[in-house]
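Hi,

Here is the structure I said I'd pass on.

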Amino acid sequence: MIKGSYDFIEEKDGVPIGQSNGSWIYVYPRGLKELLLYIRRRYDKPPVYITENGISSVEKTDDKTKEEELADDMRKHYLTVHLAEIREAIRERANVKGYFAWSLVDNFEWEHGYTERFGLNYVNYNTLERTQKHSAKWFSKFLDPNPLHN
């Protein structure tokens with residue numbers, strides 16, 4: 001499981017693919033910046049919209065309390081480092097126009113069902129109650145155009 005550092009890079013066929021989060025997702029924030037800069041160079045700065053970027057928690061959800069599910073610090077860290085790489089790409093003239101975190105709420109994932117949680121908001125699958133995770137609160141503050149007014 002990813003705890004906070006993305007310095008260790010796994011490779012596949014000599015290509016950096018990042019660090020596994022214990023599931024099928026590999027995390028390599030610098031790769032996002034590299035891709036954005038490649039698109040800028042190769043296609044003459046087209047507008048880019050990042051429509052899905054996020055990470056799942058792969059611990060068994062049955063073994064965790066709601067409070068443990070809400071304390072998703074690894075997701076906050078994931079968003080922080082990826083948004084920092086996007087910012088750097090923009091500083092190097094990548095034409096990023098939009099960013100969407102995956103996903104707004106915990107949901108059914110085709111390959112893994114309800115066993116992994118991706119959402120910024122926790123969903124109780126029995127009652128369908130939705131509660132903001134720590135990452136959702138952090139993301140809301142990050143997006144606030146007037147952070148000093150809070």
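In helix 1, P29, R30, L32, K33, L36 and L37 meet V81, H82, E85, I86, E88 and A89 of helix 3 (contact means heavy atoms within 4.5 Å; helices are DSSP runs of H or I with at least four residues, strands are E runs of at least two, and both are numbered from the N terminus). By class, that contact has 7 nonpolar, 1 polar and 4 charged residues.

A word on the source: this is a predicted model, where local features need pLDDT of at least 70 and side-chain atom pairs count only at pLDDT 80 or more, while totals for chains, interfaces and linings use all residues. Residues are numbered from 1 along each chain as its sequence is written, and side-chain values use heavy atoms, with hydrogens and water left out.

I86 turns up again: not counting residues up to four places away in sequence, I86 touches L32, L36, I50, V96 and Y99.

Of its 21 residues, L36, I50, L79, I86, Y99 and F139 touch the most other members. Two or more residues each come from helix 1 (29–43), strand 4 (48–53), helix 3, strand 5 (96–101) and helix 4. Helix 3 gives the most, with 6 residues.

Cheers

Definitions and conventions
Core = buried A, V, L, I, M, F, W, Y, C linked by side-chain atoms within 4.5 Å. Buried < 20%, exposed > 50% of the residue type's maximum accessible area, 1.4 Å probe, protein only. Nonpolar A, V, L, I, M, F, W, Y, C, P; charged D, E, K, R; others polar.
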